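Here are my notes on this one, in the order I'd go through it with you. Keep the viewer open while you read.

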Amino acid sequence: MNKDVKTLAESVERRALAKRNSRVHPEGGTQCLPESEVGLERVGEAAMDRTVRFNNLLHHVTVDRLREAYFALNRKAVPGVDGVDWQGYGEGLDEKLVDLHQRIHTGRYRAKPVERIWRLKADGQKRPIGNTSVEDKVVQKALVWVLEAIYEKDFLGFSYGFRPGRSQHSALDALYMAITTRKVSWVLDADVAGFFDAIDHSWLQRFLRHRIADPRVLRLIEQMLTAGVVEEGQWQATQKGVPQGAVISPMLSNIYLHYVLDTWVHAWRKQRARGDVYVVRYADDFVVGLQYQEDGERLMAALQERLARFGLSLHSKKTRLIEFGRFAASNRAERGLDKPESFVFLGFTHSCGRTRKGRFAVHRRSHAGRQRELLQKIKIWLKKNACIPIGHQGRWLQQVVRGYYQYHAVPGNNDALQRLRREVNRYWLRTLRRRSQKHKLPWSRMQRFVKRWIPSVRILHPYPNKRFAF
């Protein structure tokens, strides 16, 4: 909101400490935290004073923290340019970590280039993904924990992406509460075009120096940014951007947007807005709820100028101001217009609707494009693995469908989930029937396979107003 009062959508998300940190100091005895943990706690306490700059941070990157970072990595990740996977790096781990620690603290550590691959997106475009070496991931993970101790005190309440104790559903629920309980009549659905590839290195270094005065840490980050990329065996220099897929990229992107967007829009809504303004941001995708249309138009124009100053721009096809909220349908009907437009945020299509009792509600349904993409993946996999045992097929399908439910099983999305389940069953039945030309698999027998392997639809996430009712 543009007043100095915390909004429900933002205040309910209590600020989390950096991961693995405690609010209470250890008192001594057998249950004390390790000294390195206490050190990060003290960094977090000092960071409460936002004028403090930290000039001695690298000593928090210890051998123990590097070891903890190694075991926190994804063990199934694709190897980087050196071809070493997680298991391979773990052979002789202690010796490798001691050597890595020495190289970091003596300035001999050099980040390896990132191997670039291209992944097809749901809209048909390609997204560059960077495969980082395991050793670089270990260093980045340890450094992220040090940076979290500082910047979790700086980041604002409406920032949800890649932060400890927060998730996509935290952002979705905060948006739901803002629209349904506050004065929101317009929604600015915004997306930064090619954000991760457009981050300006010089601006990022300037932002980091606001809080970090340790030249060794700044040099480490600079190495990670300028290590270059390898594509089809050819090395290319990186003049801007951070590699998507690198462990440290989410933290650096949050720092960049904190100074470019968050602090600016927070000041704008307090000083320039005529009505209430609510913001929910997850990485480079953010939504602004506004009371008045003119505030939305002025904000969008000012936002374009602000982002252009730092080498960023709004995605022309994904950024728009729409009429949305409790009175949007009735107001548009009075003017002879169609029902309010919908918008997509974090994989869900949001639209204006009503409950069975006639009250306003925000309907959230799985984005059709994402569901089609998943079904196409399942169809291709079944075609390639048509002859493997039914149990192997069932276990794979069970894992995929259950993973989809874990994210998409929100109230009001039951129809979309049932549709996905029906299509999966149909694809599987077709695949099994093609295995034999003599015997056609009856549906009565197929139902036994479905009951055993394909999870039933069940809503896993509570209604947002129930989660916030504490």
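**Notes on the model**

1. Start with confidence. In this predicted model, helix α1 (residues 8-11) has the lowest confidence in the protein, with a mean of 48, while strand β6 (residues 277-282) has the highest, at 97. The score here is pLDDT, the predictor's confidence in each residue, from 0 to 100. Helices (H or I, at least four residues) and strands (E, at least two) are DSSP runs, numbered from the N terminus.

2. The pLDDT is below 50 over residues 1-8, a stretch that has 22 contacts in the model beyond near neighbours in sequence. Residues 11-33 are also below 50, with 57 such contacts. Contact means heavy atoms within 4.5 Å. Across the protein, the average is 88, and 90% of the residues score at least 70.

3. A word on ground rules. Residues are numbered from 1 along each chain as its sequence is written, and side-chain values use heavy atoms, leaving out hydrogens and water. Local features need pLDDT of at least 70 and side-chain atom pairs count only at pLDDT 80 or more, whereas totals for chains, interfaces and linings use all residues.

4. Have a look at Y151. Leaving aside neighbours within four places in sequence, Y151 is in contact with F207, L208, R211, I212, I255 and Y259.

5. F207 and L208 lead us to helix α9 (residues 201-209), where they are buried along with H201, W203, L204 and Q205. Buried means under 20% relative accessible area, exposed over 50%, and partly exposed in between (1.4 Å probe, protein chains only). What covers these buried residues? Among the covering elements are α6 (134-151), α10 (215-226), α11 (249-271) and α12 (293-309).

6. Finally, the hairpins. Strands β9 (residues 343-345) and β10 (residues 348-354) pair antiparallel over three bridges (pairing needs at least two bridges found by DSSP), with F343 partnered by H350. Two residues separate the strands, and L346 takes a positive phi near 55 degrees. β10 also runs antiparallel to β11 (residues 360-366), joined by seven bridges.
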